[in-house]
Amino acid sequence: MLYDAYEMQRSLLAGASTLANIGAGWFQNPANPFAYSHMGPIVASALDVFAHAAAPRGKPEFGLGQTIVDGRKVAVTEEIVLRKPFGQLKRFRREGVEGGPRLLIVAPMSGHYATLLRGTVERMLPRHDVYITDWRDAKLVPTDAGRFDLDTYIDYLISFLEHIGPGAHMLAVCQPSVPCYAAAAVMSADKHPARPRTLTMMGGPIDTRKAPTAVNTLATQRPFAWFENNVIATVPYTYPGAGRAVYPGFLQLAGFMAMNLGDHLTSHWEMFKHLVDGDGEGADATKRFYEEYRSVCDMTAEFYLQTVDTVFQRHLLPKGEMMHRGRRVDPAAITDVGLLAIEGERDDISGIGQTKAALDIATKLPTRHRKYHLAKGVGHYGIFNGSKWRERIAPVVEDWIAAHDG
């Protein structure tokens, strides 16, 4: 019923968005005398803001057609090098450029598409051969494709690293820090030749007992059964994944919007003022952010629930009790993978110390293979996107990879 109600609302809002968009255009039309009145720009701007907020959204494009390598423009093409039911390995091939450290960027499976890391990919492209995990929307995966849980996630990462080949580096943004760390530990225990040379974790929930945030508190204040009964829905028959139990992306988005509702209202108010003043460029900046932020996808119920239980409620990885396919994930097995932990001073999703814990539990890793970086004045999103990422954080990552490459 929850998903059906959402679909009905989405259909109604899509129609309202179209009407509002038409209305905004009419109030801005030079042939309309009302467009020259005091109220014309105000009404048009209000309709424009509503039309943008209510519009339906699909999967965004990366749109990275070129990069700069050694001072010259180089064309970039996307290619899918490995397909799996719940995700694919995508490579950004730089035309005419060979070599450079191979970097697997692991995107979060947390309600948004991998394109949320567009800025991360763009910044690393000039000096690296970049791959990314392009996760699928669970509602589009037929039920006969099977289940996808935390164990499967780790299996996918190992498979992706095997495909890229020995000597690759891995970068995890937020949520995937735990499965990436587990994959590195499992592969290290097996002396797997394709284990990553470095693993960079940015704003990851390795040990959420440290400096718990509102997100962590939500997961611990409610019993596991509450999540099973209140946030899991069944995909409607209109999608290929009909009948699959999922944690809908629209619910996760609603939760994140509610946590910072004041900031989002302020952003839309500022966008409205930009439009009234005729500052289309200022309004477009906000629109671009929300185009990405509101593009959401579902995740499988088993993955979401296992993550809540393993990562946020029982803290199994830092306790040394996490299991993968019946085997204990032993952080002490990591002895030659360079671990870099990056945290944002103002991160309201992963508190200070949660990612740094990854260095502490790798008890047999030499000091030269560990590094911690605290990004001053940086929030969660700013760790991997924006000017602070490009100018202050990415150079730290690049230097770490270069120091362990070859």
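This dialogue goes through some features of a predicted model.

Reader: What should I know about the numbering and the model before I start?
Author: Residues are numbered from 1 along each chain as its sequence is written, and side-chain values use heavy atoms, with hydrogens and water left out. The model is predicted, so local features need pLDDT of at least 70 and side-chain atom pairs count only at pLDDT 80 or more, while totals for chains, interfaces and linings use all residues.

Reader: How many helices and strands does the secondary structure of the protein come to?
Author: Helices (H or I, at least four residues) and strands (E, at least two) are DSSP runs, numbered from the N terminus. Here there are 14 helices and 14 strands.

Reader: What percentage of the residues count as buried?
Author: Buried means under 20% relative accessible area, exposed over 50%, and partly exposed in between (1.4 Å probe, protein chains only). By that rule, 54% of the 406 residues of the protein are buried.

Reader: Which residues have the most contacts inside the largest nonpolar core?
Author: In soluble globular proteins, nonpolar side chains tend to be buried together. A nonpolar core is a set of buried Ala, Val, Leu, Ile, Met, Phe, Trp, Tyr and Cys residues joined through side-chain atoms within 4.5 Å. The largest one here has 93 residues, and Tyr-181, Leu-199 and Leu-339 have the most contacts inside it. Contact means heavy atoms within 4.5 Å. Not counting residues up to four places away in sequence, Leu-199 touches several residues, including Met-170, Tyr-181, Val-337 and Leu-339.

Reader: How many salt bridges does the structure hold?
Author: A salt bridge is a side-chain nitrogen of Lys or Arg within 4 Å of a carboxyl oxygen of Asp or Glu. The structure holds 16 of them. One joins the side chains of Glu-79 and Arg-91 (3.7 Å, N to O). Glu-79 lies in strand S2 (residues 72-84) and Arg-91 in strand S3 (residues 87-94), so this pair ties together parts that are 12 residues apart in sequence.

Reader: Which other residue meets Glu-79 in a salt bridge?
Author: The side chain of Arg-93 does (2.6 Å, N to O). Arg-93 is in strand S3 and Glu-79 in strand S2, so the parts tied together are 14 residues apart in sequence. Glu-79, Arg-91, Arg-93 and Asp-129 are linked in a network of salt bridges.

Reader: Are Glu-79 and Arg-91 buried or partly exposed?
Author: Glu-79 is partly exposed, with a relative accessible area of 25%, whereas Arg-91 counts as buried at 13%. Arg-93 is partly exposed at 28%.

Reader: Where are the two residues of the salt bridge between Arg-197 and Asp-405?
Author: The closest N and O atoms of this pair are 3.4 Å apart. Arg-197 is in the loop between helix H5 (177-189) and strand S7 (198-202), and Asp-405 is in the segment after helix H14 (387-404), 208 residues apart.

Reader: At what angle do the axes of helix H4 and H5 cross?
Author: Two packed helices are described by the angle between their axes and the distance between the axes. Axes are lines fitted to C-alpha atoms, for helices over the stretch in contact, and angles run from 0 to 180 degrees between N-to-C directions. The axes of H4 (residues 150-164) and H5 come within 9 Å and cross at roughly 65°. Among the residues that meet are Leu-150, Tyr-153 and Ile-154 in H4 and Pro-179, Cys-180 and Ala-182 in H5.
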